Protein chains: 2
Amino acid sequence: MNNQPYAIGVDIGGTSTKYGVVNRLGKIAYKGSIPTNQYPTAEEFVEALHCALQPIINEIGIDQIKGIGIGAPNGNYYTGTVDYAPNLPWNKVVPLVDLVSGISNLPCWLTNDANAAAMGEMMYGAARGMKDFIVITLGTGVGSGIVNNGQLVYGHDGFAGELGHTIARRGRKHWSTGYDGSLETYVSATGIALTAKIFLETWTKPSLLRGYKEEEITSKLICECALQGDELAQHVFDYTGEILGEALSNFVMFSSPEAVILFGGVIKAGDLLMKPVKEHMERNLLPIFQNKVKLLFSELKEADAAILGASALVWEGKMSLSNLKQEKLIQ
Amino acid sequence: MNNQPYAIGVDIGGTSTKYGVVNRLGKIAYKGSIPTNQYPTAEEFVEALHCALQPIINEIGIDQIKGIGIGAPNGNYYTGTVDYAPNLPWNKVVPLVDLVSGISNLPCWLTNDANAAAMGEMMYGAARGMKDFIVITLGTGVGSGIVNNGQLVYGHDGFAGELGHTIARRGRKHWSTGYDGSLETYVSATGIALTAKIFLETWTKPSLLRGYKEEEITSKLICECALQGDELAQHVFDYTGEILGEALSNFVMFSSPEAVILFGGVIKAGDLLMKPVKEHMERNLLPIFQNKVKLLFSELKEADAAILGASALVWEGKMSLSNLKQEKLIQ
């Protein structure tokens with residue numbers, strides 16, 4: 001493996017955990033996955049992950065592996081713990097960094113999955129060269145990673161960037177949190193499907209969506225129907241784009257990013273989503289912000305982005321350590 | 001003046017411009033002001049400011065003055081310009097840093113007035129020792145200064161932190177921007193007075209406020225009436241607190257600050273405002289954020305805060321320069 005340094009990136013999802021061994025240029029040399037939900041305790045999960053990684057680490061040589069970066073729902077950069085992640089099997093505070101570094105003898109960093117995506121975009125994706133941007137992940141839920149002046153925004157406790165839970169528009173309760181009107185309730189894949197079902201109740205004209213059972217109506221199906229010219233399905237995306245665009249204008253007036261990068265399954269809708277989002281974002285921005293913010297789709301393959309971003313935590317962490325050493329040298 | 005270093009802080013307001021000569025501990029050694037709106041051009045204003053400062057600079061000795069920090073509406077840290085500030089007499093892009101440093105031969109820094117207040121709070125006020133906080137200025141308008149990881153959030157263009165213009169609740173047009181539902185429309189002194197006038201139209205019970213002409217109804221008067229037990233006036237503050245609290249919960253879920261610090265004339269309402277703000281902020285926060293964020297009133301004398309904050313730009317700027325030098329030394 002020609003002596004170059006590598007970082008391991010791990011993306012823990014509710015169903016499966018993907019990992020990759022990545023070089024500094026973002027090339028993934030090895031890739032694999034283990035199921036997340038087959039291990040009743042975090043300890044057993046970490047041991048399974050270790051067993052999967054061990055042969056690769058041995059082949060490359062542990063000296064060339066600079067560390068392990070992990071992205072996980074509710075992963076906290078400061079504490080190194082995963083706190084009560086609703087989609088993971090361990091419903092408690094899990095000291096993941098301690099567990100992984102303990103078993104692997106490698107330095108380990110943790111952040112939440114959306115922050116990992118933002119790191120991936122900054123180092124290898126649409127945000128290359130940018131110091132101020134926001135990544136919004138539009139999947140089953142809505143996450144966000146915010147970068148300000150080249151740094152991930154963690155806040156005082158590591159929990160910053162829960163933009164999916166900001167109040168967007170009253171009148172729809174969140175299926176899991178119970179809060180009224182959060183952004184996720186409307187613009188996640190789940191929210192988009194819900195919008196279609198609600199619209200169908202009062203829609204008097206024909207629609208392709210009527211040919212499907214309620215449980216078959218997904219954001220993917222709505223997208224397909226919209227592309228076939230279905231008026232109701234298009235109306236669903238206009239409505240989704242209006243709410244997302246309005247929310248983005250508020251986020252822009254908070255941190256004035258160079259770009260907002262949309263990421264995740266929902267962006268497959270393309271212009272169906274992008275057009276109304278852009279229109280409503282611009283409409284609600286003060287003139288000093290108008291026509292300045294780039295609204296982009298992620299350029300990274302979704303499956304790779306979180307692995308790349310998680311691995312980037314290692315290079316970032318290494319840089320901070322070397323900066324610390326330099327600071328000590330000059331004191 | 002016992003050889004200690006000083007910074008000059010300048011606070012440019014629509015009517016008057018206040019300045020002070022401040023030591024590193026935040027003690028204001030000299031204070032004064034000139035009118036802002038009596039000089040038709042920015043050049044004439046800067047010359048008048050220079051004439052006012054010159055005797056003080058001479059007395060202290062220019063070698064002991066480390067620079068001039070300026071807070072001004074629409075002041076941009078990156079460009080050193082004041083861009084189309086609606087309340088200032090010069091309706092264009094004014095290269096204020098160039099003008100002031102040109103005439104004074106001192107290094108000069110500029111930021112907007114709310115950012116200056118945030119700097120003042122961080123160095124000398126309620127945010128001492130904090131690295132993550134948000135200052136909301138509640139005056140005629142609503143401004144904000146956001147500090148993340150010890151740094152003011154400027155965004156990619158220097159315009160970050162326009163929280164007063166984020167959309168809070170539809171249904172009320174802004175008197176100046178024309179936008180529907182911005183936070184400033186409800187929670188500024190102007191917005192609070194407007195709420196009272198709107199409530200009076202449909203209020204059927206008696207109220208002390210009925211004894212006043214429309215133009216006499218100010219947020220200060222509403223506060224006095226509320227303290228005397230007037231139900232309508234109290235209702236106005238409950239409503240204001242609900243909208244501000246809900247907006248704060250969104251800001252907290254964005255950047256997870258240690259504290260939100262309220263600043264400006266409106267905070268004289270004390271618990272009348274603080275109680276409903278806290279209640280509605282907590283109610284809309286995800287559990288991971290609840291009961292963690294300190295909601296504080298500014299501890300600085302309002303007249304001094306902007307001067308102190310503007311002067312702090314000088315120490316901050318000096319630190320950046322010396323950091324740069326150190327970085328060069330170790331390369």
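**Between the domains**

Mentor: This is a predicted model. In it, about 1300 Å² is buried between domain 1 of chain A and domain 2 of chain A, with 58% of that on carbon and sulfur atoms.

Trainee: Thanks! Which parts of domain 1 of chain A touch domain 2 of chain A?
Mentor: Helix H3 (113-124) and helix H9 (302-330) of chain A each give at least two residues to that side of domain 1. H3(A) has the largest share, with four residues.

Trainee: And what classes of residue are on that side of domain 1 of chain A?
Mentor: Seven are nonpolar, three polar and two charged.

Trainee: How many salt bridges are there across the interface of domain 1 and domain 2 of chain A?
Mentor: The rule finds zero salt bridges there. For polar contacts, the count between the two domains is three residue pairs.

Trainee: Okay, and where does each domain of chain A run?
Mentor: Domain 1 covers 6-118 + 302-330, and domain 2 covers 129-295. Their centres, taken over C-alpha atoms, are 28 Å apart.

Trainee: New topic: where does B:Gly150 lie?
Mentor: B:Gly150 is in the loop between strand S9 (142-148) and strand S10 (151-152) of chain B.

Trainee: What is B:Gly150 in contact with, leaving aside neighbours within four places in sequence?
Mentor: B:Met122 and B:Lys131. As for B:Leu99, B:Gly150 is 51 residues from it in sequence and 29 Å away in space, C-alpha to C-alpha.

Methods
Residues numbered from 1 in each chain as written. Chains lettered and ligands numbered in written order. Predicted model: local features only at pLDDT ≥ 70, side-chain atom pairs only at ≥ 80, totals over all residues. Heavy atoms only, no water. Domains from an automatic or database assignment. Buried area = accessible area lost by both parts, 1.4 Å probe. Salt bridge = Lys/Arg side-chain N within 4 Å of Asp/Glu carboxyl O. Polar contact = N/O pair within 3.5 Å; in protein donor to acceptor, adjacent residues only side chain to side chain. Nonpolar A, V, L, I, M, F, W, Y, C, P; charged D, E, K, R; others polar. Contact = heavy atoms within 4.5 Å.
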